[in-house]
Amino acid sequence: MAIVIPIHSGIEVFAMIVDINGYTKMVSNPDANLIAQFTRDVLIGGVEAVQKNEGEVIGFMGDAFLAILSDSEDVFKCCVSIAKDVDQQCEYISNNSDVFPFSPKGPSLKIGIEFGYLDISDISSNFLGSQYLFAGEAINYAARITAAQNGNRCLLGPKAFENGLNKYVRDEDGPFKVKGKKGEKPYTYYKLDFGDIWREGDSEESYWG
């Protein structure tokens with residue numbers, strides 16, 4: 001079901017953050033003159049996956065995007081599609097290492113997902129015009145749990161797990177905990193395991209949030 005976004009109100013959805021690993025190292029590379037094109041090429045597959053599965057991409061943050069989806073099955077299909085796209089990109093780039101010399105193995109992604117209520121308003125600037133503004137604990141939670149584990153991973157908050165994604169999680173894939181920032185409690189999360197669907201690209205960690 002397509003999402004209807006009510007302005008100056010709120011909505012219960014799955015919040016999904018898709019973030020490129022190793023980005024800090026990549027942009028500091030003297031050969032990173034094509035970093036914007038690389039970022040676009042890596043993220044566009046995820047954008048298309050979200051839109052194909054009835055979701056909406058609601059913001060870009062450098063090497064990451066924020067999306068919302070309303071149905072757990074759509075979330076799972078979206079994540080599988082992203083994993084397959086990453087695998088195809090790694091295959092191409094590893095066979096054509098001169099395309100993006102700062103990422104010879106291809107991309108690696110971390111995905112964080114949580115379910116919850118998002119409050120919605122709007123904000124504007126001369127350059128961007130009027131934009132939706134989304135705020136809520138689910139976005140913060142999704143961002144925090146991406147700090148757990150390494151390399152390609154897709155991690156779920158407890159409310160995402162409870163709202164339908166539990167049927168895609170194996171017994172051995174959670175719950176786990178990751179330390180929060182100073183003054184925060186640990187964050188509980190689960191893992192979606194895609195097995196051999198995606199290979200490991202360049203995965204030195206970067207940080208979002």
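Phe 161 sits in helix H5, where helices (H or I, at least four residues) and strands (E, at least two) are DSSP runs numbered from the N terminus. This is a predicted model, so local features need pLDDT of at least 70 and side-chain atom pairs count only at pLDDT 80 or more, while totals for chains, interfaces and linings use all residues. Residues are numbered from 1 along each chain as its sequence is written, and side-chain values use heavy atoms, with hydrogens and water left out.

Leaving aside neighbours within four places in sequence, Phe 161 is in contact (heavy atoms within 4.5 Å) with Asn 166, Val 169 and Tyr 190. The C-alpha atoms of Phe 161 and Tyr 189 are separated by 8.4 Å, although the two residues are 28 apart along the chain.

Stepping back to the whole chain, there are five helices and eight strands. Read from the N terminus on, the elements go β-α-α-β-β-α-β-β-α-β-α-β-β. The C-alpha atoms fill a box of roughly 50 × 50 × 40 Å, taken along the principal axes. A compact globule of 209 residues would have a radius of gyration near 17 Å, and the chain has 17 Å, which agrees. That radius is taken over C-alpha atoms, and the globule rule is 2.2 Å times the number of residues to the power 0.38. Of the 209 residues in the chain, 49% are buried; here buried means under 20% relative accessible area, exposed means over 50%, and partly exposed is in between (1.4 Å probe, protein chains only). Among contacts between residues at least 6 apart in sequence, 70% join residues at least 24 apart.

Next comes a pair of helices. Two packed helices are described by the angle between their axes and the distance between the axes. Helix H2 (residues 35-52) and helix H3 (residues 72-95) pack at about 155 degrees, with their axes 8 Å apart. For these values, axes are lines fitted to C-alpha atoms, for helices over the stretch in contact, and angles run from 0 to 180 degrees between N-to-C directions. H2 and H3 are therefore roughly antiparallel to each other; angles over 145 degrees count as roughly antiparallel, under 35 as roughly parallel, 65 to 115 as roughly perpendicular and the rest as oblique. The crossing of H2 and H3 is right-handed, a label used if the near helix is turned clockwise from the far one by less than a right angle, with left-handed used if anticlockwise.

Which residues of H2 and H3 meet? On the H2 side they are Phe 38, Asp 41, Val 42, Gly 45, Gly 46, Ala 49, Val 50 and Lys 52, and on the H3 side they are Cys 78, Ser 81, Ile 82, Asp 85, Gln 89 and Ile 93. The residues of this contact divide into seven nonpolar, four polar and three charged. In that count, Ala, Val, Leu, Ile, Met, Phe, Trp, Tyr, Cys and Pro are nonpolar, Asp, Glu, Lys and Arg are charged, and the others, Gly among them, are polar.

Val 47 also lies in helix H2. With a relative accessible area of 9%, Val 47 is buried. The C-alpha atoms of Val 47 and Ile 11 are 20 Å apart, and the two residues are 36 apart along the chain.

Is helix H4 (residues 137-145) mostly enclosed or open? Seven of its nine residues are buried, so H4 is largely enclosed by the rest of the structure. The buried residues in H4 are Ala 138, Ile 139, Tyr 141, Ala 142, Ala 143, Arg 144 and Ile 145.

The loops hold a few backbone details. Glu 54, in the loop between H2 and strand S2 (56-60), has phi near 70 degrees, a positive value in a residue other than glycine. Glu 54 counts as partly exposed, at 35% relative accessibility. Gln 149, in the loop between H4 and strand S6 (153-156), likewise has a positive phi, near 65 degrees, and Gln 149 is partly exposed at 28%. Pro 175 is in the loop between helix H5 (158-162) and strand S7 (176-178), and the peptide bond from Gly 174 to Pro 175 is cis, with omega near 5 degrees.
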